[in-house]
Amino acid sequence: TITGRGSVGDLMVKLINPAPYGHVSLPYGAWGGDTGYTPNRPHAGEDRGYSNAAPVRSRQVVSPVTGTVVSVTEGGGYNRGYGNQVIIRAGEALITLNHFRTGSIRVGYGEIHAGQPVGTMGSTGRVTGDHLHMEVIVDGRTVDPAYYYTHDLPGTNPDDGEDDMAYIANVKGGNFYLINGRTAHTLHKDSGARTSGMPIINYPDDSSVNLLRSSGVSGIGNH
């Protein structure tokens, strides 16, 4: 039974605003990239900035969806331009939240709820100032987040059947796994994983393999 705004029981199937007191500073598809460093490429996500009138409150970032945190990257490193990053899986979609201020991330691996505090806008990675860059990835490609403020995320309807989202799991030691629905296949070459066209999710240690097993993914061995 669908109850409330875009929810199925406790599962939000529509995105909510990840920066309730901020504003959209650059929409998906705008030319110029989120920092202007890629002028010949359309913007792959949605940027939200803060308000000078309320610089502390408007920098706060919450989870835009109920789902599972599958990756947390901290430490202020470059991280392929994304800086400090949280990735959430909801149905067949991956939602990435990027550029957090170092030390501000308040979530870890596991369940997360829509509206739950995640961290503070920052300027880690490839940026020119504090902001949030959010990407929504479906079938290995970024899509316009704005669409999912009013439409269900794919795979979040319990009548849709088994989740068949495909992505690459990068586990400690250079082991790559192709995760497709509930089956995992070992990929022996880094280059093959990175040129697959699918999102790569980083799992930092061996316990992450057990996390994948506990989530129902089969076929992962010790490599």
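Reply: A nonpolar core is a set of buried Ala, Val, Leu, Ile, Met, Phe, Trp, Tyr and Cys residues joined through side-chain atoms within 4.5 Å, where buried means under 20% relative accessible area, exposed means over 50% and partly exposed lies in between, with a 1.4 Å probe and protein chains only. The model is predicted, so that local features need pLDDT of at least 70 and side-chain atom pairs count only at pLDDT 80 or more, whereas totals for chains, interfaces and linings use all residues. Residues are numbered from 1 along each chain as its sequence is written, and side-chain values use heavy atoms, with hydrogens and water left out.

Me: Which members of the largest nonpolar core touch the most other members, and which strands each supply at least two residues of this core?
Reply: The largest nonpolar core has 25 residues, and those touching the most other members are Leu15, Val86, Ile95, Leu97, Val136 and Leu153. Strands here are DSSP runs of E of at least two residues, and helices are runs of H or I of at least four, both numbered from the N terminus. The strands that each supply at least two residues of this core are β8 (67–73), β9 (84–90), β10 (93–100) and β13 (132–138).

Me: With which residues is isoleucine 95 in contact, leaving aside its neighbours within four places in sequence?
Reply: Contact means heavy atoms within 4.5 Å. By that criterion, and with neighbours within four places in sequence left aside, the partners of isoleucine 95 are Leu15, Pro64, Val65, Val86, Ile87, Ile88, Ala90, Met134, Glu135, Val136 and Leu153.

Me: Is arginine 48 buried or exposed, and which side chain makes a polar contact with its side chain?
Reply: Arginine 48 belongs to strand β6 (residues 46–49), and because its relative accessible area is 9%, arginine 48 counts as buried. A polar contact is a pair of N or O atoms within 3.5 Å; within protein, one must be able to donate a hydrogen and the other to accept it, and residues adjacent in sequence count only if both atoms are side-chain atoms. Not counting residues up to four places away in sequence, arginine 48 touches several residues, among them His23, Met121, His131 and Tyr149. At 3.3 Å, the side chain in polar contact with that of arginine 48 is the side chain of asparagine 17.

Me: How many residues apart are aspartate 152 and lysine 14, which form a salt bridge?
Reply: A salt bridge is a side-chain nitrogen of Lys or Arg within 4 Å of a carboxyl oxygen of Asp or Glu, and the structure holds four of them. In the one between aspartate 152 and lysine 14, the closest N and O atoms are 2.9 Å apart. Aspartate 152 lies in the loop between β14 (141–143) and β15 (166–171), and lysine 14 in the loop between β2 (11–12) and β3 (23–26), so that the pair links distant parts of the chain, 138 residues apart.

Me: Over which ring does the charged end of arginine 59 sit?
Reply: A charge sits over a ring if NZ of Lys or CZ of Arg is within 6 Å of the ring centre and within 35 degrees of the ring normal. The charged end of arginine 57 sits over the ring of tyrosine 21, 4.2 Å from its centre. For arginine 59, at 3.6 Å from the centre, the ring is that of tyrosine 50.
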